[in-house]
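Subject: Structure for your files, with notes

Dear colleague,

Please find the structure below, with the sequence alongside. I would be glad if you could read the notes with the coordinates open.

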Amino acid sequence: MHATNTSAAGDLAWDGSYKNRRLPRFLRVAPDSPTRLLRTAQQSRCSDCGNHIEWYDRTAGHNPVPLHPHELPASTVPPSQRWHIDTGIAHPAGDGSPWCRVRHRALCPATPAQPGNHTLDTLRRNLALTSRRLQDTGHFTPPPPPHLGPPTCVPAPPEARPVVQFLCLRYLAPSPLEHIPCVAQTRARRRCPYPVLDTDALPGTWILAPLHSDHQPDHLPIPEWWIALYDLTHLPYSEQLRWRAQRCTTHAIAPDAADIARTTWEPFNSHTHHQHIRHHLPDTPPTRKGRR
């Protein structure tokens, strides 16, 4: 007499596959992708509560959005709070499926609660317990309360973020040239510790260029009409692409290595970035210490 597992048999469809089981998703970088960043499950922790979040890109012109790492039944989430993922891009709406994602801010216990939904309120309380457990075990330190007095922080000097020119375009660097980090992922699945600037590679040149493209060269050399640029346009095309991809010289020749972070170049705008404009060349060229 053979025993039959009725519960297991009831979970199988007519073709022998499991019912209501989603197929696993395999991540890969498309060969024609403009970035090497795997845009699914970019995990991080909320700086306010310490809970896990997942960053997803949005449509063009929008910043990445942090989502709760687990899906929720769409019927228990208000339509205004539903998000769905399509080809690695987050969209603020439902996709008609019985599952949806929720923005972490709607659940973060460090933000003011908006009661009215049992599922979201329960999940918020669970996250609050996790946050307290992380604090008690020393794995998370909440940020200090905002200072109520006048602000005392000193803004970063304009020279901390130079303007770099490559591929016939100008970009505002995220930090001093010697501190621009590589965005590639190492074999240990960590971020590469080396910067983009390498003293062994071909260097750029500091130049003074017209601030606006319509400037006529025969005009008087008024300092306010000129800007100091770290120019890379004289370098080989491959070297300019390396700077655009924000990769060190080691990962520039490793196209299979994925990105672990987004590039941080900002298209330069003379109106919104006026505080970073320098009208005189720096005294010393950028250098950095050699690798150990």
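The notes below go through the cores, the helix, the strands, the cysteines and a few backbone details.

This is a predicted model, in which local features need pLDDT of at least 70 and side-chain atom pairs count only at pLDDT 80 or more, while totals for chains, interfaces and linings use all residues. Residues are numbered from 1 along each chain as its sequence is written, and side-chain values use heavy atoms, with hydrogens and water left out.

I begin with the interior. A nonpolar core is taken here as a set of buried Ala, Val, Leu, Ile, Met, Phe, Trp, Tyr and Cys residues joined through side-chain atoms within 4.5 Å, where buried means under 20% relative accessible area, exposed over 50% and partly exposed in between, with a 1.4 Å probe and protein chains only. The largest such core has 15 residues, and those with the most contacts inside it are Val-164, Leu-177, Ile-180, Tyr-230, Leu-232, Trp-243 and Trp-265. Two or more residues of this core come from each of strand S8 (163-166) and strand S11 (226-231); helices (H or I, at least four residues) and strands (E, at least two) are DSSP runs, numbered from the N terminus. Apart from this core lies another, of nine residues, which include Leu-72, Val-102, Leu-120 and Leu-127.

With contact meaning heavy atoms within 4.5 Å, and residues up to four places away in sequence not counted, Trp-243 touches Leu-177, Ile-180, Val-196, Leu-197, Tyr-230, Leu-232 and Trp-265. Trp-243 also belongs to one aromatic cluster with Phe-166, Tyr-171, Trp-206, Tyr-230 and Trp-265. Rings of Phe, Tyr and Trp (its six-membered ring) pair if their centres lie within 6.5 Å, and by this rule the count comes to six aromatic pairs.

Helix H3 (residues 237-245) has Glu-239, Gln-240, Arg-242 and Trp-243 among its residues, and these four are buried. Seen down the axis of H3, the buried residues fall within an arc of 150°, so they line one face of the helix; the arc is that of the directions from the helix axis to the C-beta atoms. The face turned away from the buried side of H3 carries the exposed residues Tyr-237 and Ser-238, and what covers the buried residues includes S8, S11 and helix H4 (249-252). Just after H3, Gln-246 takes a positive phi of about 60°.

Turning to the strands, two of them pair if DSSP finds at least two bridges between them. Strand S1 (residues 42-45) and strand S2 (residues 52-56) run antiparallel and are joined by four bridges, with Gln-42 opposite Trp-55 in S2. The hairpin of S1 and S2 has six residues between the strands, and in it Gly-50 takes a positive phi near 85°. S2 is also joined to strand S3 (residues 65-67) by three bridges, again antiparallel, and here Glu-54 stands opposite Leu-67.

A further four strands form an open antiparallel sheet in the order S4-S7-S5-S6, whose edge strands, strand S4 (72-73) and strand S6 (89-91), each pair on one side only. S4 pairs with strand S7 (residues 99-102) over two bridges, and Leu-72 stands opposite Cys-100 in S7. In the loop between S4 and strand S5 (82-86) is Thr-76, which is in contact with Asn-117 and Thr-119 once neighbours within four places in sequence are left aside.

Cys-49 is in no disulfide, the nearest cysteine sulfur being that of Cys-46, 3.7 Å away. The sulfur of Cys-108 has its closest cysteine sulfur in Cys-49, at 3.7 Å, which is too far for a bond. Cys-49 is buried at 1% relative accessibility, and Cys-108 is buried at 2%.

Leu-167, in the loop between S8 and strand S9 (169-172), has a positive phi near 55° and is partly exposed at 26% relative accessible area. Arg-189, in the loop between S9 and strand S10 (205-210), has a positive phi of about 60° and is exposed at 69%.

With best wishes

Methods:
Rings of Phe, Tyr and Trp (its six-membered ring) pair if their centres lie within 6.5 Å; planes under 30 degrees apart count as stacked, over 60 as edge-to-face and the rest as tilted. A disulfide is a pair of cysteine sulfur atoms within 2.5 Å.
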